[in-house]
Each structure stands twice: as C-alpha cells, then as structure tokens.
Amino acid sequence: MTTWTRPDIGPVDLDRYLGTSVFVLPATPGLIALHTQARDAAAGQEQFVRATGRIIRLLLENALSHLDHQPHAVPTPTGFVFEGVRPVQPELHAVTIPRAGDALEIGLREIRPDARFGKILIQRDPVTKKPTLLYRKLPPDIAGRQVLLLDPTIATGGTLLTAINELVAAGVEESDIVVVNVLTCPEALATVLTRRPDIRIVTSHIDRTLTDQAFMQPGIGDFGDRYHGTVATA
C-alpha cells in the first residue's frame with residue numbers, strides 16, 4: 001500500500017486512486033526508453049522534443065479513451081457490420097496551461113485538428129511556489145462539456161488546482177475533467193485528489209517524491225524551458 005502523509009490533511013492512501021482517478025501508462029521498455037532520453041541532462045532541445053512528443057502521443061490517445069463513448073455500428077468494405085463506438089460528445093474541448101502545456105496542445109492538434117482550445121495562464125512564484133492566475137480564455141460553450149486539461153508536469157499541484165477551479169467556475173463538472181500529464185509525484189496527487197477527488201489524471205509516470213525545493217525526484221527539469229529551447233547555457 002502506498003500512503004503519503006501531508007501535515008495539513010494527514011495520511012492519504014494513493015493506491016485507492018490508481019485505476020479509478022489516476023491512470024498510469026504501462027511501464028513498457030519503449031516508454032522507459034523515451035523517459036530516459038527526455039530526462040537525460042545532456043539531451044538537447046531536439047532530443048527532448050522528439051522523446052516527449054512520442055510520450056505525449058501515447059498519453060493523448062489514452063486520455064481520449066477516457067471520454068464517454070456510445071455504441072456505433074458501421075458497414076465494412078466486405079459487407080459485414082462492425083459493432084464499434086464513437087464519442088458521445090463529437091466536439092472536443094481542451095484547455096492548455098501555457099507554456100509547458102503548449103507541447104500537449106501541439107500533439108492534440110495533430111490527432112484532433114478540430115479540437116477547440118482554451119487557455120489558462122498561471123504563474124508560479126519561484127520563491128513561495130504559490131500560483132497566480134494571470135489570464136483565462138475558454139470556449140464560450142464549455143459549460144457542461146467533457147474537457148481535456150493539458151499540464152505536462154504536476155509537482156506541487158497548486159497550478160493544476162487553480163486551473164481546475166477556473167473550469168468548475170465556468171460550469172465544467174469536476175468529473176468531466178481529464179488531466180493529461182507527462183510526469184507527477186505522490187505529493188502532487190495527494191494534494192490534488194484530496195481536494196478534487198472526482199477528476200481523472202492520465203499520466204506516463206509517477207516519480208518517487210518531491211524535494212524541499214519543489215522539484216520532482218528524479219525529475220525532468222523545467223519542461224517548458226527544455227521544450228522551447230529557453231534553457232540557460234554557459
């Protein structure tokens with residue numbers, strides 16, 4: 001059993017969320033190889049973008065499967081009928097948390113160029129680690145819709161909770177939010193799920209812990225800087 005204790009909320013049994021609120025991609029050798037390439041401190045921007053782009057593609061296809069579907073039969077070219085399914089909600093709504101979330105938006109646009117995107121810009125103070133909402137622009141009909149919330153790294157959980165609060169305030173049901181995430185940690189999951197237990201999080205990996213400096217361990221670095229090539233060089 002995996003239990004994490006926070007001073008403000010006490011012990012949290014994370015195992016009870018796995019498979020119900022948190023869905024982790026299978027740790028195949030191929031996926032671990034991609035994480036190895038992306039996490040390597042010596043990796044340049046091109047290698048980082050290529051590796052994370054492949055992880056993101058896997059994540060997005062998995063996350064789309066968590067949206068509601070309904071039966072839909074189609075005729076095949078051989079004259080038979082395939083008993084398939086299709087999304088209950090034909091229009092896809094997604095919300096990005098820039099800048100790091102732009103990587104997930106790029107990947108989703110390749111899969112679903114018809115998707116409608118919103119933006120929630122949140123700045124985390126480098127010292128206090130507290131999030132501040134700077135900008136919000138959402139599709140006008142987002143209330144009552146299922147929404148993919150794109151946030152590649154969830155370390156403390158504060159930024160994600162701020163974004164979720166904005167979606168709920170805009171009329172999105174908590175249970176209709178599917179978070180698409182590359183990397184998180186137990187502390188973040190405990191923080192988010194004790195406050196918003198009805199959301200779903202699809203992630204490719206749960207790191208070991210969070211350092212005193214609010215970095216995930218072993219971590220991946222600043223996702224946005226590494227993806228966009230704004231990492232300081234000597």
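## Strand 11 and its neighbours

Strand 11 and strand 13 (residues 200–203) pair in parallel, with 4 bridges between them. Two strands count as paired if DSSP finds at least two bridges between them. Strands here are DSSP runs of E with at least two residues, helices are runs of H or I with at least four residues, and both are numbered from the N terminus. Within this pairing, valine 178 sits opposite arginine 200 in strand 13. Strand 11 also runs parallel to strand 9 (residues 147–150), again joined by 4 bridges, and there leucine 148 is the residue opposite valine 178.

Before going on, a word on what you are looking at: this is a predicted model, in which local features need pLDDT of at least 70, side-chain atom pairs count only at pLDDT 80 or more, and totals for chains, interfaces and linings use all residues. Residues are numbered from 1 along each chain as its sequence is written, and side-chain values use heavy atoms, with hydrogens and water left out.

## Both sides of strand 11

Buried means under 20% relative accessible area, exposed means over 50%, and partly exposed lies in between (1.4 Å probe, protein chains only). In a regular strand, side chains alternate between the two faces of the sheet. Here, Ile177, Val179 and Asn181 point one way, while Val178 and Val180 point the other way, and all are buried.

## A hairpin from strands 4 and 5

Now for an antiparallel pair: strand 4 (residues 69–75) and strand 5 (residues 81–87) are joined by 7 bridges. Valine 74 has phenylalanine 82 in strand 5 as its bridge partner. The hairpin has 5 residues between the strands, and glycine 79 takes a positive phi near 90°.

## A cluster of rings

Rings of Phe, Tyr and Trp (its six-membered ring) pair if their centres lie within 6.5 Å; planes under 30 degrees apart count as stacked, over 60 as edge-to-face, and the rest as tilted. By this rule there are 2 aromatic pairs. Phenylalanine 48 and phenylalanine 223 make an edge-to-face pair, with 5.1 Å from centre to centre and 70° between the planes. This pair links distant parts of the chain, 175 residues apart: phenylalanine 48 is in helix 2 (residues 45–64) and phenylalanine 223 in helix 6 (residues 223–228).

The rings of phenylalanine 223 and tyrosine 227 have centres 6.2 Å apart and planes at 10°, so they are stacked. Both residues lie in helix 6, 4 residues apart, or about one turn of the helix. Together, ring pairs link Phe48, Phe223 and Tyr227 into a cluster.

How buried is each member? Phenylalanine 48 counts as buried because its relative accessibility is 0%. Phenylalanine 223 is buried at 2%, and tyrosine 227 is buried at 11%.

## Two loop residues

Cysteine 185 lies in the loop between strand 12 (183–184) and helix 5 (186–195). With a relative accessible area of 0%, cysteine 185 is buried. Leaving aside residues up to four places away in sequence, cysteine 185 touches Ile154, Ala155, Ile206, Asp207, Thr209, Leu210 and Met216, where contact means heavy atoms within 4.5 Å.

Threonine 128 is found in the loop between strand 7 (116–124) and strand 8 (131–137). Threonine 128 counts as partly exposed, at 46% relative accessibility. The C-alpha atoms of threonine 128 and alanine 214 are 9.9 Å apart, although 86 residues separate the two along the chain.
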